[in-house]
Amino acid sequence: MKETSCADMSGGQGQCKALATRQCEGGNLVCSDAQPASEICDDKDQDCDGTNDEGFNLQTDNGNCGTCGKSCGNGRCCDGSCVNLQTSISNCGACGTVCPTNYGCCQGVCRNLVNDSSNCGTCGKRCVLGCSNRNCVLL
C-alpha cells in the first residue's frame with residue numbers, strides 16, 4: 001500500500017503545499033504545510049497565494065528579462081529583450097525611443113548619419129569639411 005504524501009493531503013497552495021512535511025504534534029504524526037516565503041523569480045509560488053513570480057515584470061526587469069534568471073548585465077531590458085541603449089536604433093537612450101530613418105544611435109542619442117560631420121555614415125566618423133550623403137566632403 002502506497003503512503004499518501006503530505007502534499008497530497010495539504011490544503012495549501014504553491015510551495016507551501018509542495019513542501020508540506022510530516023511533523024509530530026502532541027504525540028501524533030501530522031502533515032504540516034511549509035511557511036510562505038518571499039517570492040523569487042523561478043516559476044514557483046513561494047508566497048503560497050496561487051500565483052507564480054508576481055512582482056517580477058519580465059518585460060522590464062534587468063535581472064529577469066524575458067524569462068526568470070536572464071540578466072542584461074550592462075544592458076537594459078526593453079520589451080523582454082536585453083538591449084544596449086547606447087547603440088540600439090529601436091531603444092536609443094531609453095526603451096522605446098526609435099531613431100528615424102537615416103539616423104543611428106550614437107552614445108544614446110539619435111544622430112543624422114547622412115549629413116552630421118561628427119557622425120558621417122557611422123557613429124563617431126568625423127569629417128573636417130562636412131558630411132554629405134554619408135560621405136566626408138573633400139576639397
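Leaving aside its neighbours within four places in sequence, which residues is Ala 34 in contact with? Keep that in mind as you go through these views of a predicted model.

**Figure 1. Ala 34 and its contacts.** Let's begin with the residue from the opening question, Ala 34, which sits in the loop between β2 and β3. Once neighbours within four places in sequence are set aside, Ala 34 is in contact with Gln 15, Cys 16, Leu 19 and Ala 20.

**Figure 2. The whole protein, for orientation.** Step back for a moment and follow the chain from its N terminus: the elements run α-α-β-β-β-β-β-β-β-β. That makes 2 helices and 8 strands. The radius of gyration is 27 Å, well over the 14 Å that the globule rule gives for 139 residues, so the protein is more spread out than a compact globule. Along the principal axes, the C-alpha atoms fill a box of roughly 100 × 25 × 20 Å. Of the 139 residues, 27% count as buried. Among contacts with a separation of 6 or more, 7% are accounted for by residues 24 or more positions apart. The accessible surface comes to about 8900 Å², and carbon and sulfur atoms hold 47% of that.

**Figure 3. Met 9 in helix α1.** Here you can look for Met 9 within helix α1, which covers residues 6-9. Apart from neighbours within four places in sequence, Met 9 is in contact with Thr 4 and Cys 31. Now compare the position of Cys 99: it is 90 residues from Met 9 in sequence, and the two are 58 Å apart in space, C-alpha to C-alpha.

Figure 4. Strand β1 (residues 21-25) runs antiparallel to β2, and 5 bridges join the two.

**Figure 5. Asn 64 in a loop.** Is Asn 64 buried or exposed? With 10% relative accessibility, Asn 64 counts as buried, because the cut-off for that word is under 20%. Its place is in the loop between β2 (28-32) and β3 (76-78). The side chain of Asn 64 reaches the backbone nitrogen of Gly 69 at 2.7 Å. Beyond neighbours within four places in sequence, the contacts of Asn 64 include Cys 41, Phe 56, Asn 57 and Leu 58. Gly 69 and Lys 70 are also in contact with Asn 64.

**Figure 6. Ser 88 between β4 and β5.** Next comes Ser 88, in the loop between β4 (81-83) and β5 (103-106). Ser 88 has a relative accessible area of 16% and is buried. Not counting residues up to four places away in sequence, Ser 88 touches Val 83 and Cys 105.

**Figure 7. The hairpin of β5 and β6.** Our last stop shows β5 and strand β6 (residues 109-112), paired in the antiparallel sense over 4 bridges. Look for Tyr 103, which stands opposite Asn 112 in β6. This hairpin has 2 residues between the strands, and Gln 107 takes a positive phi near 55°.

Definitions and conventions: Residues numbered from 1 in each chain as written. Predicted model: local features only at pLDDT ≥ 70, side-chain atom pairs only at ≥ 80, totals over all residues. Heavy atoms only, no water. Buried < 20%, exposed > 50% of the residue type's maximum accessible area, 1.4 Å probe, protein only. Polar contact = N/O pair within 3.5 Å; in protein donor to acceptor, adjacent residues only side chain to side chain. Contact = heavy atoms within 4.5 Å. Pairing = 2+ DSSP bridges. Rg over C-alpha atoms; globule rule 2.2 N^0.38 Å. Areas by Shrake-Rupley, 256 points an atom, 1.4 Å probe, with all protein chains shown as cover.
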